[in-house]
Amino acid sequence: MFDTGSLILGGVIMLFSWLVSNRLKSKFEHYSKIQLRNGMSGAEIAEKMLADNGIRDVRVISTPGRLTDHYNPADKTVNLSEAVYNQRNAAAAAVAAHEVGHAVQHATAYSWLTMRSKLVPVVQIASNFMQWVLLAGILMINTFPSLLLIGIVLFATTTVFSIITLPVEYDASNRALAWMKNKNMLGQQEYAGAEDALKWASRTYLVAALGSIATLMYYIIRYMGARD
């Protein structure tokens, strides 16, 4: 199961993911110290952006934990972690506006978000089984290579999902930044901090997508090699 190729690939992916994640955390810690001149909390930023986009049926609520911020299209809620919900700094403003960006996508039927939402149930099923199928496929690669092919198809589903996630996340950040700039919500230093924080947040999704693509290609090569 764990040959040299898989260990090297896994190590490289983990290293890049760790580097980007650490950089993201340090950026958010730094920009959390830049207090907003308008004195608005993350929750107030989110509520104003919703109002400015004419969205009246989405609630902004606080959710426990750290980095638990997300938009839930099922019940139309912008869920902000406790720190983001209450704090009044550039990092909180960036996260709050980004999550509202997803609400705006939902309200305007943004095609990439619609596509990703439709894939969610399929990805949930694939995620529950693919690791076991891939493991069995590698172990039985010489006797039953078709099992690995099934695992590849399941893994490909999650890879497609991670690729589709990229334009969704980048677009949400672009909507957030455009709104903050057009409405003159932040000062120059505050805006620069929010922009940089969102840039590094987006890179975590990019690393995840590239890692998924690389892993998928590895399994495909293993399968093709077994067939030869």
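The model is predicted, so local features need pLDDT of at least 70, side-chain atom pairs count only at pLDDT 80 or more, and totals for chains, interfaces and linings use all residues. Residues are numbered from 1 along each chain as its sequence is written, and side-chain values use heavy atoms, with hydrogens and water left out.

Let's start with the largest pocket, which has a volume of about 630 Å³. A pocket here is an open set of points on a 1 Å grid over the protein atoms alone, where a 1.4 Å probe fits, with protein on both sides within 12 Å along at least five of seven lines; lining residues have an atom within 4 Å of a point. The volume is the space filled by probe spheres set on the points, which are joined across faces, edges and corners. The lining has 24 residues, and Asp69, His70, Glu99, Glu169 and Tyr205 are the closest to the pocket's centre. Helix α7 (188–227) gives the most to this lining, with 5 residues. Helices and strands are DSSP runs numbered from the N terminus (helices H or I, at least four residues; strands E, at least two).

Next, look at α5 (111–139) and α6 (145–182), which each supply at least two residues of that lining. These two helices pack at an angle of about 145°, with their axes 7 Å apart. The axes are lines fitted to C-alpha atoms over the stretch in contact, and angles run from 0 to 180 degrees between N-to-C directions.

Arg116 and Glu169 form a salt bridge, with the closest N and O atoms 3.4 Å apart; the term means a side-chain nitrogen of Lys or Arg within 4 Å of a carboxyl oxygen of Asp or Glu. Because Arg116 lies in α5 and Glu169 in α6, the pair ties together parts that are 53 residues apart in sequence. Both residues are buried (under 20% relative accessible area, with exposed over 50% and partly exposed in between, using a 1.4 Å probe and protein chains only).

The whole structure holds 8 salt bridges. Another joins Glu29 and Arg66 at 3.9 Å, N to O, linking helix α1 to the loop between β1 and β2. Here Glu29 is partly exposed at 46% relative accessibility, while Arg66 is exposed at 59%. Finally, Lys27, Asp196 and Lys199 are linked in a network of salt bridges.
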